[in-house]
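Welcome! Take a moment to look over the sequence and the model, and then let us walk through a few of its features together.

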Amino acid sequence: MSLVVGLTGGIGAGKSLVAQYFAELGARVVDADELARVAIERGSNGFDEVVERFGEEILRDGDIDRKALAAIVFTEPSARKDLEEIVHPRVRQLFSRVLADLAADEVLIYEIPLLVETSSEGNFDYIITVEAPLELRRERLLKRKMALSEIDRRIANQADEAARTAVADMVIRNDGDEDQLLRSVENIWEDLERRSK
């Protein structure tokens, strides 16, 4: 039977690297953020709704400028709610198509930063959260050229570690080096493969 795994964690914790390791080990990996991009790409109804709600000032070269949009939604709670009402149903629909396409013994890792915030726990057979100390997460995000004010705003808009670990079946502590992280993922992968048989 297939196994659907929710992979979550705070921004800068290392979810994407963990997802990459799972993909290298043979998992099918889908990124909720990528589905969100598809949901509002040019030519879609989602695109039209976002432009209607937020105005053409969020466009650059005819496409939605995600940084401009983020600057609005991470400072205005009502704007964020409006965006979520446009994007989340479309992402759920795209995700259901992925699920319908799963092979019988396939392991799907769904990288979903807002698992707790969207009350999505019930959609998964197994949940993994990647956690790291707040200062280390900030350090990593600064290296990605994010401004400290943006980092703090995004962290404040996410569930905290306690909320994520409360719903998780497994917690990966990403406070060491990449080799340690890979070993953790390999151990979990063996368990996930057994569960999918």
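## A serine and its surroundings

Leaving aside neighbours within four places in sequence, Ser120 is in contact with Ile112 and Leu115, where contact means heavy atoms within 4.5 Å. Ser120 sits in the loop between strand 5 (107-111) and strand 6 (126-131). Ser120 has a relative accessible area of 8% and is therefore buried; buried means under 20% relative accessible area, exposed over 50%, and partly exposed in between (1.4 Å probe, protein chains only). Helices (H or I, at least four residues) and strands (E, at least two) are DSSP runs, numbered from the N terminus.

Before going on, please note that this is a predicted model, in which local features need pLDDT of at least 70, side-chain atom pairs count only at pLDDT 80 or more, and totals for chains, interfaces and linings use all residues. Residues are numbered from 1 along each chain as its sequence is written, and side-chain values use heavy atoms, with hydrogens and water left out.

## The chain start

Met1 is found in the segment before strand 1 (3-9). Is Met1 buried or exposed? Met1 counts as exposed because its relative accessibility is 62%. Not counting residues up to four places away in sequence, Met1 touches Ala104, Asp105, Arg195, Ser196 and Lys197.

Here are the two accessibility values side by side.

| Residue | Relative accessibility | Class |
|---|---|---|
| Ser120 | 8% | buried |
| Met1 | 62% | exposed |

The axes of helix 1 (residues 15-25) and helix 9 (residues 178-195) come within 10 Å and cross at roughly 55°. Helix 1 and helix 9 are therefore oblique to each other; angles under 35 degrees count as roughly parallel, over 145 as roughly antiparallel, 65 to 115 as roughly perpendicular and the rest as oblique. On the side of helix 1, the contact is made by Leu17, Val18, Tyr21, Phe22 and Leu25, while helix 9 brings residues including Leu181, Val185 and Trp189.

## Aromatic rings

How many aromatic pairs does a search of the whole structure find? The search finds four, counting rings of Phe, Tyr and Trp (its six-membered ring) whose centres lie within 6.5 Å; planes under 30 degrees apart count as stacked, over 60 as edge-to-face and the rest as tilted. Phe95 and Tyr110 form a stacked pair, with 4.0 Å centre to centre and 25° between the planes. Phe95 lies in helix 5 (residues 77-100) and Tyr110 in strand 5, so this pair ties together parts that are 15 residues apart in sequence. Phe95 and Tyr110 are both buried, and ring pairs link Phe95, Tyr110 and Phe124 into a cluster.

Methods. Axes fitted to C-alpha atoms, helices over the stretch in contact; angles between N-to-C directions.
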